[in-house]
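Here is a short report on salt bridges, a helix and a pocket. Start with the charged pairs, then move on.

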Amino acid sequence: RLAATATRKSSTLCAEALFCICIQPAYRWLRLEGRSSDLPHLSKLVLFLRRKITCDACSGYETVDCSECCASGASQCADKIICPTCEGTGSYKSCINCGSTANVQCEQCGGKGFAVGLAYQESAQISSRQPEAEEFFGKGFELEKELVYLELQENVSEVEAEMLIQRAIESYSQALRLGLQGKNELHCHWLLGNLLFRRAFDLNEQDGMSKQDLSCRPNLYRAVSELEIAVRLDLQSGSQLFCQRLPQSDLLKLDKVWGSQSSYISRKRGADQAIEYLLSKLKLVQHLLTVLPDMMFYLGMHFAEKGEFANAIDMFRAARNAEDYGDVVDHEHWTYRVAQITKKHANEQIERLIIAHFERASDALEQKNYDEAIRIFDECLCVNPEPEIAMQAFYNLGVAIHSKFRFGHRRGESISDEEYRWVMRISISTKKAIELYEKEMSHGLNANEFKEIYDQVKSLHLFTSVYGLVGRDAFGQRSERNIKAISNMAVYPFLRSIGE
């Protein structure tokens, strides 16, 4: 099952983003690659694929066209197009409410479901409308420039601004309806999406996004669709518009909506569906090699909901170090402020989850559920907690092992080689606890507070350094253990926190 682990980032993002497939107890890594078939030409009608569902009175049927063969079974279909009259079915569907005749063969395509040469006719029609489309695009662009100028001069009322926005939206929309092509098509979707986002926020459509489906918010829904189309076209055409920092900062708008919608999906259909939704959006922007805060934060929340502690921490850390575009975005702009709030919440979630996990392990130790305590302490340490928590966790891990095998009540020579392997694990964990205190905590403000624990760790480490060194062979004779052979012995479960 695809889980996601985002690349950690300090000041700049590394060269490629990696995502992980969890295979307990190890991890495999792969780079997700976008496929051209996932990013169809949305404006060119060389392959004009349609999807239609009839009204409920028809008892409902659905036509889904095959992108490879245009529903015809052909291996090559560049010169074919789904028949727009019958939607690729080859016949009409009768319906009393619709008024159409019953099961009549489509005359447009002769019942084939596609029409050879129709794609070229449609393409020619689009080419003939290009000058008009370009004119509408230019008109929309000029209207938007006028709006920006008037706002800079502080010489425009809210009503006038809304009128300019409406006219610009209508112009951009008409340009796309007329089949605008090339780079201007990409820019048109981008500019239109931003204007729709502005209108949606003016109408407060962003409020309560996590409580309602996006389709219930018409302006916001369309704004997201237009920007997503722009990102796809950018990848498909190689224009690299969104490789530039300023246009790429608009992804923060999508990021906020995607995160909120995943929260809604999680409540309605569960965490797995929410994760799947976010991964589909992650795939959309992966070629930009950027880590978005809300996407990573909500992935962390959904993994935490599923009880996948390590994945949740990885996501929250990615969100904490995610991109906020502070170098190109006004720090008073809502996208920057929301990104900062999300990063702050991610850091709080990291601390809360680690402390909660540590307390769960401590409770298991107190209840003498040693196997559970060992497992949870190991998980807690694998996410690299703060030194104060890590030191106590390493010590308590050793205590849990010591208590499970009752080494304090048994002679060292009486334990088996497999049990002595656990003694060696105690020695490693206590050594790590000692190193943490001496290197990172001994000169800190809380040094005295942890001094007592440090002394206890040293006592346990000293005990394991001599305990069980001598065992008994097959004949019952005392002999030194083969430490090297025991070190290579596979004893389950592996403890990843101590390097196994």
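## A buried charged pair

K281 and E228 are both buried. In this predicted model, their side chains form a salt bridge, with N to O at 2.9 Å. K281 belongs to helix α7 (residues 271-285) and E228 to helix α4 (residues 218-237), so the contact ties together parts 53 residues apart in sequence.

## Other salt bridges

The count of salt bridges comes to 24. One of them joins the side chains of D455 and K451 at 3.0 Å, N to O. These two sit 4 residues apart in helix α14 (residues 451-466), so about one helical turn separates them. D455 is partly exposed, at 35% relative accessibility. K451 is also partly exposed, at 36%.

R360 and E372 meet at 3.8 Å, N to O. R360 lies in helix α10 and E372 in helix α11 (residues 370-382), 12 residues apart. R360 has 42% relative accessibility, so it counts as partly exposed. E372, at 25%, counts as partly exposed too.

## Helix α10

Just after α10, K368 has a positive phi of about 65°.

## The largest pocket

The largest pocket holds about 790 Å³ of space. Its lining has 22 residues, with N194, R198, D250, K253 and H333 nearest the centre. By class, 11 are nonpolar, 4 polar and 7 charged. Helices α1 (118-152), α3 (183-202) and α10 each supply at least two lining residues. α3 gives the most, with 7.

Definitions and conventions. Residues are numbered from 1 along each chain as its sequence is written. This is a predicted model: local features need pLDDT of at least 70, side-chain atom pairs count only at pLDDT 80 or more; totals for chains, interfaces and linings use all residues. Side-chain values use heavy atoms; hydrogens and water are left out. On a 1 Å grid over the protein atoms alone, a cavity is a set of points where a 1.4 Å probe fits but cannot get out, and a pocket is an open set with protein on both sides within 12 Å along at least five of seven lines; lining residues have an atom within 4 Å of a point. Grid points are joined across faces, edges and corners, and a volume is the space filled by probe spheres set on the points. Ala, Val, Leu, Ile, Met, Phe, Trp, Tyr, Cys and Pro count as nonpolar, Asp, Glu, Lys and Arg as charged, and the others, Gly among them, as polar. A salt bridge is a side-chain nitrogen of Lys or Arg within 4 Å of a carboxyl oxygen of Asp or Glu. Buried means under 20% relative accessible area, exposed over 50%, partly exposed in between (1.4 Å probe, protein chains only).
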